[in-house]
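Thanks for coming. I'll keep this short and stay with what can be computed from the coordinates.

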Amino acid sequence: MMRLGELVAELPGVRVVGDVSVGISELVYDSRRAGPGTLFFCVVGGKRDGHEFGAQVVEAGATALVVERELTDLAVPQVIVDDSRAAMAPLAARFWGDPTAELRMVGVTGTNGKTTTAFLVHEILRAADLRCGLLGTVKQIVGGVEKEVVRTTPEAIELQASFRQMLDGGDEACAMEVSSHALTLHRADAIHFEVALFTNLTQDHLDFHGDMEDYFLAKRKLLEAGPKTAIVNVDDPYGRRLAEEFECVTFSAEGEEADYSAHDVSFDAGGASFAVGGMRLRTGLPGHFNVANALGAFAAAEAMGVGSEIAAAGLARAARVPGRFEPVDEGQGFSVLVDYAHTPDSLENVLRAARRFTEGRLISVFGAGGDRDRDKRPKMGRAGAQLSDLAIITSDNPRSETPEAIVAEVAAGAEGADGLEVVVDRREAIALALGRAAPGDTVVIAGKGHEQGQEFEAGRKIPFDDREVAREELRKLGSPA
């Protein structure tokens, strides 16, 4: 427990009304979790204003409030700040003893590759006998215990609590994905990053950011946070901008001039290998985009003091990331791959990678999510149709939108293309793709990857895992009629 006055003492620009000696035992922003000893943050959101719940949380026993305007009708101490959400991170860090001052932090941001790069960093550091936590889209590992993932980068209160749990559980480091939403909404404030890594920037989340420049400026905040080492991909134009603005370690999977430059890249069924300086590195992850991910992770590990031989060995042994170019094998005579690719660029990367080892036809199944950036939908359709022999456009996570309308917008980008099918029901689309596949073909099921549900209107979610659905449909094909 911490006294309110002690908690807010170093937060600039605050005014406290009421008794600062009250004890605080928990920080919350969800009114349903308010109770005795809690400090409740009245956050102004897109749909609701947390100040509206002030009376309710006080009645539930909340000890004090963080507010942007004084609620004069409530007789509890109030910490008045300019931005309640921005106040979360520094107060949460102080409440939990500033855990990232001890925990060696690697933050990875970018449009594509965050998950894989963070996962590889985690695997390499573990190979170097450095206890490492992981926070990301696919999984969270805290103190050696795997936890459920709610969002890529949790709210600051949960983040700082997780960092404390990592330290208490014996972790010495943490590899984490840092989303643009988290950077914009101050979730990643008050974290002491030892390494900040930028992968790339392509179109996504423009429903939130408005345009690419605003999206870039959000990602840029990770480097503005002042990490000891900034690592950027200079194959990407936005990465080159960052390298001009900040002192950076650079990497290039295209063999361009950089601190870490990949040359003599080769691919096989088991992944990729490439030369960096005088070393030969190998990764079990196929595709040129994974060469970039592996190179960034290797650079991050060296920045953390891991020897190059140990880092190379850890990279070579790292397991595949769930839902990222993940094979599904039920003994069929063709390849089936499930991938999270949900942007035009990532879909293009995955299909080009699959084409490298496909002897026959390349068949793709993909769509686009509802309530998200609509401008990328026709671009998804165009990329899928151009790079596939058979492209099947289907529903992804329609959320509040009509699936048929989303599919039509995706298909508009592929208008006139040969080998195009539109099947709104996702299971039927997957079944059609598998049924059309012949020996030597490759089927890529893109968009959902590791996800285990499909989201519809009013928050309705049904169980749906592309990998399991593919297995079920493959078994049907293998069964006698």
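Some ground rules. This is a predicted model, so local features need pLDDT of at least 70 and side-chain atom pairs count only at pLDDT 80 or more, while totals for chains, interfaces and linings use all residues. Residues are numbered from 1 along each chain as its sequence is written, and side-chain values use heavy atoms, with hydrogens and water left out.

Salt bridges, then. The term here means a side-chain nitrogen of Lys or Arg within 4 Å of a carboxyl oxygen of Asp or Glu. Searching the whole structure gives 35 of them.

Take Arg131 and Asp171, whose side chains meet in a salt bridge at 3.6 Å, N to O. This pair links distant parts of the chain, 40 residues apart: Arg131 is in the loop between α4 (114-127) and β9 (132-135), and Asp171 is in the loop between α5 (156-168) and β12 (173-177). Those labels come from DSSP runs, numbered from the N terminus, with helices being H or I of at least four residues and strands E of at least two. Is Asp171 buried or exposed? Asp171 is buried, at a relative accessible area of 4%, whereas Arg131 is partly exposed at 38%. For the cut-offs, buried is under 20% relative accessible area, exposed is over 50%, and partly exposed is in between, with a 1.4 Å probe and protein chains only.

Next, Arg475 and Glu330 form a salt bridge, with the closest N and O atoms 3.4 Å apart. Arg475 sits in helix α16 (residues 466-478) and Glu330 in the loop between β19 (326-327) and β20 (335-339), 145 residues apart. Arg475 is partly exposed at 43% relative accessibility, and Glu330 is partly exposed at 34%.

There is also a network of salt bridges linking Arg374, Arg377, Glu401 and Glu409.

On a 1 Å grid over the protein atoms alone, a cavity is a set of points where a 1.4 Å probe fits but cannot get out, and lining residues have an atom within 4 Å of a point. Grid points are joined across faces, edges and corners, and a volume is the space filled by probe spheres set on the points. How many cavities of 30 Å³ or more does the structure hold? One. The largest cavity has about 30 Å³ of space. Its lining is Thr115, Phe119, Leu134, Gly136, Val138, Lys139 and Glu177.

Now the cores. A nonpolar core is a set of buried Ala, Val, Leu, Ile, Met, Phe, Trp, Tyr and Cys residues joined through side-chain atoms within 4.5 Å. The largest has 44 residues, and Leu125, Phe274 and Leu281 have the most contacts inside it. Helix α10 (residues 288-303) gives the most to this core, with nine residues. A second, separate core has 28 residues, including Leu183 and Leu222.

Last, the backbone. Most residues other than glycine have a negative phi, and most peptide bonds are trans. Ala190 is not a glycine, yet has a positive phi of about 65 degrees. Ala190 is in the loop between α6 (180-184) and β13 (193-198) and is partly exposed at 32%. Asp371, also not a glycine, has a positive phi of about 60 degrees. Asp371 is in the loop between β21 (362-366) and α13 (376-387), and is partly exposed at 31%.

Terms used:
On a 1 Å grid over the protein atoms alone, a cavity is a set of points where a 1.4 Å probe fits but cannot get out, and a pocket is an open set with protein on both sides within 12 Å along at least five of seven lines; lining residues have an atom within 4 Å of a point.
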